[in-house]
Amino acid sequence: MANSYWVEPDVKFVRQLKTMGGDTLKKCYQCATCSVVCPISPEERPFPRKEMIAAQWGLKDKLVGNMDVWLCHQCNDCSTYCPRGAKPGDILNAVRGMTITEYAWPGWLGKIVPDARFWWLLLAIPIAIFLVLLGATGYLKIPEGEIEFAKFFPTLLVDLVFVPLATLWIPLTFGIGISRFMKAIHNNAVAEGKAKRNDLNIPDFLKSLVCTIPTILSHSKFSQCTANKDRYLAHLLVLFSFAGLFVVTNIFFVALYILQLPGPYSQANPVKIFANLNAIALLVGVILMISNRLKDRGPNVGKGSYFDWSLILLVLGLVATGGLSELTRLAHLPSIAYPMYFAHLVFVFCLFAYLPFSKLAHLVYRTLAMAYSRYALREPCE
Amino acid sequence: MTEEQKAEEKKGSILVVGGGISGLTATLEAAEVGYEVFLVEKNPYLGGRVAQLKHYFPKLCPPACGLEINFRRIKDNPGITYYTLAEVESVSGAPGNYDVTIKLNPRYVNEKCTCCGECTKACTTEIPNEFNFGMDTTKGAHLPYEMALPMRYVISPKILGTDDAKRCVESCQYDAIDMNMQAQTINVKVGAIIWATGWKPYDATKIDNLGVQYRNVITNMMMERLAAVNGPTQGKVLRPSDGKEISRIAFVQCAGSRDENHLPYCSYICCMASLKQATYVREQFPDAKIYIFYIDVRAPGHRYEKFYKKIKEDENIFLIKGKVAEVQEDPDTKDITVVAENAVTGEKIREKVDMAVLATGMVPNTADTKLPGELKCDPDGFVVSSLAGGGMFATGCAAKPLDVTSSNQHATGMALKAIQTLVSS
């Protein structure tokens, strides 16, 4: 703190932060209650008090490159005890959103994904791609006979979209975002004295990453929350069911292309049972998330911004259309089942294509920040 | 020959509700220019919160001296009628012409009392001593405090009908104890009313993160009693759990103040009170380390700023910018650990101390008790004076959080407003 610091307020950043759910930030009067009541803030240079003043002053460089905002799990203990209703929990959430936008590539997509004015455009992109693809190949109609989704939307066409999305688009765009992010949090940690080592050594970092995984899988940080502890279960369900569905997708991918076993698969198939269980867990998880967010937690806890709700509703749409596709297929209702499947693919596209720009990017950014915090020996691996 | 200048005859009476420093001042200011004043106090003594303090800030003199002068002036002024153990029951009428009903609760001790103290010796019942915030007990028959006005013992209704009551009556050789005394109601007609109903400390048990459940966490008003010579420890600042002397102490500023979850406002006095209380500790324990955790130190005005600067010169007084938000107790030693973030260095601090003092704020008594009459209160419960309409005025901490000096200035002003009501009606 002995070093002087040239304050260059970024008023635009403050305004953006306010639209991302940080509208209460100016109420903070720096009492530092938040940093103490936070159950997961570190002993050295704790958050979120310092982030609050940086947000008020528009010190963007102290925020978007700040690993600490990712160590926050929005327990909202800080907001509950905040004497001014400044909602530090909401501010840090907004900063995380701004970080995703800041490091996004291409930048314009980073800007329109969190912008409530463009939700229709984001949906229109996959709809247009699919319509063109199906129209050009002559598939754009409800097929006759036993319902098989491959008759309506050939698996090859599906994979023509999703394989490049998963193997080219996400690695490229997210890779750029991630490398920008890592550089930024490292530089910030070194500059602010939060890191006990000044180099960025990849093998060591990977070791820290490995030792962070159990923390994430067990949600052990999340479970230290008190004010919002019910959010822990919802998040755990959603994370694990997503992981389960990811595994299922890969198994079916192998089944289709390597074992040459096309669907639909029997409901008694163990992988299918596993998939259905995960879908139910995802539905329960996302409904819990919604009810937790809508719950009245008093005036000091916000209910989230468009950035939060767009992901939650996307996941809800994803699981609802997925489940209904399956149910209406089993019920032999082709006029509902096929359009439902189409909608499901639209949501899957949105989830994948906008992953690096939406709140879902926290999956990676938070993991990296938690790993970096261990790497920097702030909370070393045990 | 000079013509005799006769002052205009003073007409009308004023009611002052509350016998703390503001009420006393308003009473005296109005009475000493010739108006008849009725002073009503709900406690069995005059003096209010000030009577509980060890020292005033910033002069660090005992309030006893100022109270004594005021009591002398009250006793000497035939225009003043004061009632203790009294409550205003109803108010009707309009500015210039109010009918007030006052309930006088029984003291069970009459004017024959000589303060010999025999009844206290005879009485065996111990009751929590409210004057010392329950830190010790007092007998069912006792003198409210050493220089109480009226200088007369009081008997707690709790011993009514017990053998203790009989023993008290028998012990009194002056026929001063009358256990058959009943509550009475009297009516007075006044032209203006000054509400000086005062304050109480914020209920610290409502703050769930500052360790109020631990014995060695006390409030600032308890600290005043601990330090006062007529307090539970005869003025020695010892920690409650084991009577240990203080080597390290923490003051927790804004305990429930400037906090939307508790009191949204600043109580004005707590910073100065803690700085003052640091001198109590320093005087008794020259080497004790004193930690004061604050959001901002509010020492308004030149004299208070000077006091603050003087305190800061003490090498063993540490002022830390950062509010305490967590308090722990060591279950074996009963030591207290206060946790804060130093907002200047950005480090989390865990300071282990013998005792912590919560600087709790002021709650107007009107926050949870509705006063009779057409009185307006602000959302925090402070009484709003009807300066335009006249007749009803609030002063002291019934109007806003104030220190003693400002209370006296405010009360003088409100005495004048009351007089203006009488003159214009």
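**Close-up views of chain B in a predicted model**

**View 1. The hairpin of strands 4 and 5 of chain B.** Across 8 bridges, strand 4 (residues 86-94) and strand 5 (residues 97-104) of chain B are paired in the antiparallel sense. The model shown here and in the other views is predicted. Strands 4 and 5 of chain B make a hairpin, and 2 residues lie between them. G96(B) sits in the turn and has a positive phi of about 95°. A94(B) has N97(B), in strand 5 of chain B, as its bridge partner.

**View 2. An open parallel sheet in chain B.** The sheet has 5 strands in the order 13-20-14-15-16, with parallel pairing. Its edges are strand 13 (217-219) and strand 16 (317-321) of chain B; each has a single partner strand, so one side of each has no neighbour in the sheet. From one strand to the next, the twist averages 20°. Strands of a sheet pair through backbone hydrogen bonds, in a parallel or an antiparallel arrangement.

**View 3. Strand 13 of chain B against strand 20 of chain B.** Strand 13 of chain B runs parallel to strand 20 (residues 355-360) of chain B and is joined to it by 3 bridges. Opposite T219(B) stands L358(B), a residue of strand 20 of chain B.

**View 4. The side of chain B that touches chain A.** The contact draws 19 residues from chain B and 19 residues from chain A. On the chain B side, strand 18 (336-342) and strand 19 (347-353) are the elements that give two or more residues. Strand 18 of chain B gives the most, with 3 residues. By type, the residues on this side of chain B are 6 nonpolar, 5 polar and 8 charged.

**View 5. Chain B as the setting for the close-ups.** Chain B contains 8 helices and 24 strands. Its C-alpha trace spans about 75 × 55 × 45 Å along the principal axes. Among contacts in chain B between residues at least 6 apart in sequence, 69% link residues at least 24 apart.

Methods:
Residues are numbered from 1 along each chain as its sequence is written. Chains are lettered from A and ligands numbered from 1 in the order in which they are written. This is a predicted model: local features need pLDDT of at least 70, side-chain atom pairs count only at pLDDT 80 or more; totals for chains, interfaces and linings use all residues. Two residues are in contact if their C-beta atoms, placed from the backbone, lie within 7 Å. Helices (H or I, at least four residues) and strands (E, at least two) are DSSP runs, numbered from the N terminus. Ala, Val, Leu, Ile, Met, Phe, Trp, Tyr, Cys and Pro count as nonpolar, Asp, Glu, Lys and Arg as charged, and the others, Gly among them, as polar. Two strands pair if DSSP finds at least two bridges between them. Axes are lines fitted to C-alpha atoms, for helices over the stretch in contact, and angles run from 0 to 180 degrees between N-to-C directions.
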